[in-house]
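This briefing covers the nonpolar cores of a structure and the pairing of some of its strands. Look over the sequence and the model before reading on.

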Amino acid sequence: MFSEFSHRPVEVLFSRRAHAAICAETLEHHPLETGGILLGHLHQQRWQVLEAIDPGPAARCTATTFEYDRDYVNHLARKLAAQYRQPLQLIGLWHRHPGSFDQFSGEDDITNRRFAAMNYGGALSCLVNLDPHFRLTAFHVPTDLDYQRLPVVVGDALIESSLRTPLCAADLTGERLDDAVQGRELQELFSRLPRERAPIQRSLAEALDPLLEQLEQQPRWRYGLRACGHCLQLGLIEKLGVGRELWEFALSRNHQVIAWRDDGMRLSAAQFSRYRMEVADAH
Ligand SMILES: [Zn+2]
């Protein structure tokens, strides 16, 4: 029988580099609060932390609070994640607390909940105290915030070797280079209609299910999706042609899926399927 508890992580493994980054950041801002985000993987019931990112040059640190320099953190997270053969994921966060306070505040709960909601496996949240020696306390954060304290181990050899392998020149294969070009083209497409990313509305997700299945099966387009709450953006790149299209899907007042192209063209879901996804069952 499925037991959620048996799937919970049992410990946290820090690379020496990630742990050193936390120590250096704590030292630099002492006695003020600081923190950052953690990159790595949840693998074999262990949080494996490869990199820890500082909050950035424009971060605001006080004795009891700090705020990230978001642009810096997002930029550096993307750069560091891509330096590994298996790109790192955003798995959690850490921050310093004053004195010996090693519990989460109400505000911490809100942040932890946000991080836990981003991944199926929840998140990792760590607290640092200097009382007076450096002390790091790690918590597994499930979406219901039933915090679970985890033992912490520092050492590169303990981390799964396939996860800590850096990207190398031989990894730049033709296929990967094509992916990179198309990834950039998708970003350019999405920049035509800038929107905040947000989890997609459940009713819209359900209504779009058949269309997404159809997208998977058709051979004509490569595609990318961006969830923006009440709408889903779809970037289409024609594999053997020059077609590049940006669509947005949303629900009309009577709960029908409507598709808009960025040049103003408007189709119903059925029309979109017919005209854009036509190739899949042509025989
Ligand atoms: Zn806190």
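Two strands pair if DSSP finds at least two bridges between them. Helices and strands are themselves DSSP runs, numbered from the N terminus. The model is predicted.

**The largest nonpolar core**
- The largest nonpolar core holds 28 residues. L38, V49, A52 and L124 have the most contacts inside it.
- Several elements each supply at least two residues of this core, including the strands β1 (11–14), β2 (35–43), β3 (46–53) and β6 (89–96).
- Leaving aside residues up to four places away in sequence, A52 touches A18, A21, I22, G36, L38 and W94.

**Another core**

**Pairing of β7 and β8**
- β7 and β8 pair in the antiparallel sense, over 8 bridges.
- These two strands form a hairpin, with 3 residues between them.
- A123 has V141, in β8, as its bridge partner.

**Pairing of β8 and β9**
- Strand β9 (residues 148–150) runs antiparallel to β8 and is joined to it by 3 bridges.
- Q148, in β9, is the bridge partner of H140.
- The hairpin of β8 and β9 has 6 residues between the strands. In this hairpin, L145 takes a positive phi near 60°.

How values were computed
Residues numbered from 1 in each chain as written. Predicted model: local features only at pLDDT ≥ 70, side-chain atom pairs only at ≥ 80, totals over all residues. Core = buried A, V, L, I, M, F, W, Y, C linked by C-beta atoms within 7 Å. Buried ≥ 20, exposed ≤ 12 C-beta atoms within 10 Å, placed from the backbone. Helix = DSSP H or I, 4+ residues; strand = E, 2+ residues; numbered from the N terminus. Contact = placed C-beta atoms within 7 Å.
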